[in-house]
Every structure is written in C-alpha cells, then in structure tokens.
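Visitor: Could you take me through this protein step by step, from its overall make-up to its sheet and its core?

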Amino acid sequence: MKKITIVILILVSTTFSLQAQQIHVVTNVGFTFSPDNLSISAGDTVHFQLAGSHNIVEVSQATWNANGNTSNGGFSLGFGGGKVKLSTPGTYYYVCSPHSGSGMKGVIVVNPTNITENDFTNDVKVYPTRPDNFVNIDFTIHNSKQIKIEE
C-alpha cells in the first residue's frame with residue numbers, strides 16, 4: 001500500500017480527482033491491429049508498437065466505416081508507431097493509411113476515470129478542521145499505480 005499526503009491550496013473552491021494511469025500496447029499482426037478494439041480509462045496511454053510499414057491516423061467514424069484514410073485532424077503517428085495519451089472520454093477511430101483499404105483499422109473507447117472508495121483504506125484524514133489557505137488530505141491507497149491529481 002502507498003501512503004499519500006495531499007496539500008490543496010484553497011483559492012475559492014477546489015475539487016480534485018485521482019487517476020491511476022495505465023499504458024496499453026497495440027501491435028500489428030500482418031495487416032491487422034492487435035487488439036483492434038480497446039477500452040481504456042481517460043488519461044491512459046496507448047503505445048502502438050508497429051512494423052515499419054504501418055502508421056496510425058485518427059479518422060471519423062464515416063471514414064472508418066468506408067475503410068478510408070482521410071485524417072479528421074486528430075492524433076497521427078508515423079511509421080513504426082509511437083504513443084498517444086487520451087484524456088477526453090469518447091470513441092476514437094484509427095487506421096493504417098497505406099492499408100486502410102484492406103481493413104487495417106481499430107477503435108479505442110475512452111471511459112471516464114473514477115476511483116472508488118474500495119481503492120482506499122478507511123483512514124482518510126483532512127486537516128486542519130478550519131482551513132484558512134490550505135487543507136491537508138492523508139490517505140492510503142491499495143495499489144502502487146501512478147496517481148494524478150487535478151484541480
């Protein structure tokens with residue numbers, strides 16, 4: 001378990017969320033992506049490890065359905081792949097430009113990230129009880145994943 005102390009400066013009203021980020025790997029098997037359908041949490045990273053003849057281009061759903069390769073202006077990775085961090089929940093369609101006509105395409109569904117009370121011990125402490133400029137929050141989390149705190 002990992003003990004974490006958070007100090008939050010209070011300006012007007014502060015909220016925060018905790019995100020355990022993960023890295024998901026997509027490879028190619030011949031002219032297909034593996035996996036070709038991926039469900040991840042917001043803030044996760046997708047690492048495309050591809051052969052040198054394959055790239056990644058985000059496309060619209062209509063382009064994806066038609067096995068086209070016209071970019072929608074979203075993420076794009078060169079031949080051989082790379083990493084994409086997806087923070088906005090939604091559905092992302094992508095293709096390999098040279099091989100989209102052969103059906104080399106994939107989908108990533110990005111789900112909102114929620115940390116539940118089961119992820120923490122019951123010993124959450126918030127102090128001081130009458131905060132002026134800051135508040136401390138102490139808690140212990142059950143895993144050792146990376147934690148991101150956002151305002």
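**Burial, core and sheet**

Guide: In this predicted model, buried residues make up 40% of the 151 residues in the protein.

Visitor: How many helices and strands are there in the protein?
Guide: The secondary structure of this predicted model consists of strands together with a helix. The count is 1 helix and 14 strands.

Visitor: What share of the contacts with a separation of 6 or more comes from residues 24 or more positions apart?
Guide: A contact here requires heavy atoms within 4.5 Å. Among the contacts in the protein with a separation of 6 or more, those between residues 24 or more positions apart account for 61%.

Visitor: Which residues have the most contacts inside the largest nonpolar core?
Guide: The largest nonpolar core has 19 residues, and strands S5, S6, S8, S9, S10 and S11 each supply at least two residues of this core. Apart from it lies another core, of 6 residues, including Trp64 and Tyr93. Within the largest core, the residues with the most contacts are Phe33, Val46, Phe48, Ile56, Leu86, Tyr94 and Ile108.

Visitor: Which residues does Phe48 touch, not counting residues up to four places away in sequence?
Guide: Phe48 is listed among the residues with the most contacts inside the largest core. With residues up to four places away in sequence set aside, Phe48 touches Val26, Ile56, Leu77, Gly80, Gly81, Gly82, Val84, Tyr94 and Ile108.

Visitor: What is the order of the strands in the open sheet of 4 strands?
Guide: Strand S4 (32–34) and S9 are the edge strands, each pairing on one side only, and neighbouring strands are turned by 25° against each other on average, direction ignored. The sheet has mixed pairing, and the order of its strands is S4-S3-S6-S9.

Definitions and conventions
Residues numbered from 1 in each chain as written. Predicted model: local features only at pLDDT ≥ 70, side-chain atom pairs only at ≥ 80, totals over all residues. Heavy atoms only, no water. Buried < 20%, exposed > 50% of the residue type's maximum accessible area, 1.4 Å probe, protein only. Core = buried A, V, L, I, M, F, W, Y, C linked by side-chain atoms within 4.5 Å. Pairing = 2+ DSSP bridges. Axes fitted to C-alpha atoms, helices over the stretch in contact; angles between N-to-C directions.
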